[in-house]
Amino acid sequence: MSSNQVLELRQVLADKEQRHFLKDVEITGLTESNGENLTQVVNVLSNKLGVQLDPRDVDDVRRVGARGGGGGGSGGSGGAGAGAMERPRPVVLTFTRRAPRDQLLRAAKVRRGLTTDMLELAGNSRRVYVNEHLTRENRVLFSKARALGAELKFKYVWTSNGNIFMRRSETSSVLRVTSEATLEKLGKELPQKNEPFPFQNNTN
């Protein structure tokens, strides 16, 4: 099997894994505490975003990942209440269907600036973000795409249905980032202003 075939197979498997998350959203920044009621927190969050969630549309809500260190140390949540965690784990909200999931993501993009204070959560105020739930591989790739995009002054770096896209301006063509090789090529072949990318994808 050639190296290109290996890369293609890896991409197929990665896309298949990402499809398992197409009914999920990932919420980061939510204060974590013992005995928390995530369903209630999510309902308050969705109301702040102007979305009324039907309980029948929610399949599951849960923390994911390893639990971070608690109190003590600088920047701690002194006054956050017993059991509050310094580094809250992400919350994954799984819907029974795509429509309400997409509605919540759209609302989060429009109404930016959500904080834990607005959700009446204890502890130091922090930003709360609502995004697509990405696989670990895509999460790393998205982080690198955002970093490179900032360095190269791209105006837009985003995800849609688990895919990662970059766009220099409103009038530029859209580039889909499928691997780190795409970013490496972008870094080496940075075009002059208003010139098209030699490897761009015209995806909207």
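Trainee: Where in the chain is N161 placed?

Mentor: N161 sits in the loop between β5 and β6. The model is predicted, and local features need pLDDT of at least 70, side-chain atom pairs count only at pLDDT 80 or more, and totals for chains, interfaces and linings use all residues. Residues are numbered from 1 along each chain as its sequence is written, and side-chain values use heavy atoms, with hydrogens and water left out.

Trainee: What is the phi of N161, and is the residue buried, partly exposed or exposed?

Mentor: Buried means under 20% relative accessible area, exposed means over 50%, and partly exposed lies in between (1.4 Å probe, protein chains only). N161 has a relative accessible area of 37%, so it is partly exposed. Its phi is near 55 degrees, a positive value in a residue other than glycine.

Trainee: How many helices and strands does the protein chain have, and in what order do they run?

Mentor: The protein chain has five helices and seven strands. Starting at the N terminus, the order is α-β-α-β-β-α-β-α-β-β-β-α. Of its 204 residues, 38% count as buried. A contact is a pair of heavy atoms within 4.5 Å. Among contacts between residues at least 6 apart in sequence, 65% join residues at least 24 apart.

Trainee: How should I read the length of helix α4, and which of its residues are buried?

Mentor: The buried residues in α4 are N138, L141, F142, A145, L148 and G149. Looking down the axis of α4, these buried residues fall within an arc of 130 degrees (taken from the directions from the helix axis to the C-beta atoms), so they line one face of the helix. An α-helix has 3.6 residues a turn, so residues three or four places apart point the same way. The buried residues of α4 pack against α1, β5 (156-160), β6 (163-167), β7 (175-177) and α5 (180-188). On the other side of α4, R136, A150 and E151 are exposed.

Trainee: Which residues of α3 are buried, and what covers them?

Mentor: P100, R101, L104, L105, A107 and A108 are buried in α3. They fall within an arc of 160 degrees seen down the axis of α3, so they line one face of this helix. Their cover includes β1 (24-28), α2 (38-48), β3 (91-95) and β4 (129-132). R106 and V110, on the other side of α3, are exposed.

Trainee: How many salt bridges does the structure hold?

Mentor: A salt bridge is a side-chain nitrogen of Lys or Arg within 4 Å of a carboxyl oxygen of Asp or Glu. The structure holds 11 salt bridges. One of them joins the side chains of E36 and R63 at 2.9 Å, N to O. E36 lies in the loop between β1 and α2 and R63 in strand β2 (residues 58-63), so the pair ties together parts 27 residues apart in sequence. E36 is partly exposed at 25% relative accessibility, while R63 is buried at 13%.

Trainee: Which residue forms a salt bridge with R101?

Mentor: E132 does, with the closest N and O atoms 3.3 Å apart. R101 lies in helix α3 and E132 in strand β4, so this pair ties together parts 31 residues apart in sequence. R101 counts as buried at 2% relative accessibility, and E132 counts as buried at 9%. R98, R101, D102 and E132 are linked in a network of salt bridges.

Notes. Helix = DSSP H or I, 4+ residues; strand = E, 2+ residues; numbered from the N terminus.
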